[in-house]
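Hello,

Please take a look at the structure below. My notes on it follow.

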Number of protein chains: 2
Amino acid sequence: MSFMFSKRILAAGAAALVLFAAAPALRSDSSNFPVDYRQWIHVKSVIIGPSSPFFAAQGGIHHVYANPAAFQGLRNGDYSDGSVLVFELLTLNEKDGASSEGARRRVDVMIKDSRANPATGGWRFDRFMGDDRSHSTLTDQERADCFTCHSNAKDRGSVFSRFRN
Amino acid sequence: MSFMFSKRILAAGAAALVLFAAAPALRSDSSNFPVDYRQWIHVKSVIIGPSSPFFAAQGGIHHVYANPAAFQGLRNGDYSDGSVLVFELLTLNEKDGASSEGARRRVDVMIKDSRANPATGGWRFDRFMGDDRSHSTLTDQERADCFTCHSNAKDRGSVFSRFRN
């Protein structure tokens, strides 16, 4: 009986370990959504106004965030595996001439994983619409298009943004 | 001789300790400018446009940053000593409908130090114009005015900003 009890405890312990070990992996592997990006380093911001040709697709304010590994890359152009950059696009709500941040339009994510993405300089591209955190909407063709455009910045690790001091 | 040599080493060691201990204090006490705030958590952003009554004084984009202690305060309303919040105001440069971040207009700083600032809820207020990092321009009267206004948020530790998720 005590043996069975021990086995039970062991089984419970093993299950807890599996849960503990799986949680972080599931969080990033199932959707690639970087849940804590709002606590990362704020790289820069840009406002796309109504007179911009990009207003329909990207109107509002966007912020770029970098995790610590990507912040190193922004400084030396070398992005180690695990680097993640986020482009967050929000609507703007204007009142009396002041515009505050409103609803999230989308979150674009670049994750560096050299082994998994050899054809795209190590980068994987994802896009999450609105407040969705589970479903990247990009097709393989769109991901390839992301990389083709980002290759214009290949001398800086395929990253357009520069850290605004 | 070896005794004198030891004394020398001890003296050098003591001097190094004093320098080491004094360096962080000097950095903040001489100017209170938080040199690394651009690597802190980005709390929120607001754009003050030309039609705002605050445009002359505060036109452009402002970002609020919080150090880790202040980030805790933003979540629970309790700001421990060492909490620092920064309000950074930048000009905006518009081109083809897109506005990018330009010159820094000023940096306002709130530092929590309960012992040093018993009359203002523990907060000290400073203002650095442009890219200056050495001279807070606020008079004692202006600091008192800062606190009077911030007291409108006293149920939230005298901090107006809320973390934008």
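**What turned up**

A polar contact of 2.7 Å joins the side chains of Asp126(B) and Arg124(B). Keep in mind that this is a predicted model.

Stay with Asp126(B) for a moment. Asp126(B) sits in strand β5 of chain B. Is Asp126(B) buried or exposed? Its relative accessible area is 1%, and buried means under 20%, so Asp126(B) is buried. The side chain of Asp126(B) also makes a polar contact of 2.7 Å with the side chain of Ser136(B). Leaving out residues up to four places away in sequence, Asp126(B) touches several others, including Asn32(B), Val107(B), Leu138(B) and Arg143(B).

Next, the aromatic rings. Over all chains there are 10 aromatic pairs. Take Phe33(B) and Phe128(B): their ring centres are 5.1 Å apart and their planes stand at 80°, so the pair is edge-to-face. This pair links distant parts of the chain, 95 residues apart. Phe33(B) lies in the loop between α1 and β1 of chain B, while Phe128(B) lies in strand β5. Both Phe33(B) and Phe128(B) are buried. In chain A, ring pairs join Phe33(A), Tyr37(A), Tyr65(A) and Phe128(A) into a cluster.

Last, the two chains together. How is chain A laid on chain B? A turn of 180° with a shift of 0.0 Å along the axis does it, with an RMSD of 0.0 Å. The two copies are therefore related as by a two-fold rotation axis. Both copies use the same surface: 100% of the contact residues of chain A recur in chain B.

Best wishes

Notes:
Residues numbered from 1 in each chain as written. Chains lettered and ligands numbered in written order. Predicted model: local features only at pLDDT ≥ 70, side-chain atom pairs only at ≥ 80, totals over all residues. Heavy atoms only, no water. Least-squares fit on C-alpha atoms with pLDDT ≥ 70 in both. Contact = heavy atoms within 4.5 Å. Phe/Tyr/Trp six-rings, centres within 6.5 Å; stacked < 30°, edge-to-face > 60°. Helix = DSSP H or I, 4+ residues; strand = E, 2+ residues; numbered from the N terminus. Buried < 20%, exposed > 50% of the residue type's maximum accessible area, 1.4 Å probe, protein only. Polar contact = N/O pair within 3.5 Å; in protein donor to acceptor, adjacent residues only side chain to side chain.
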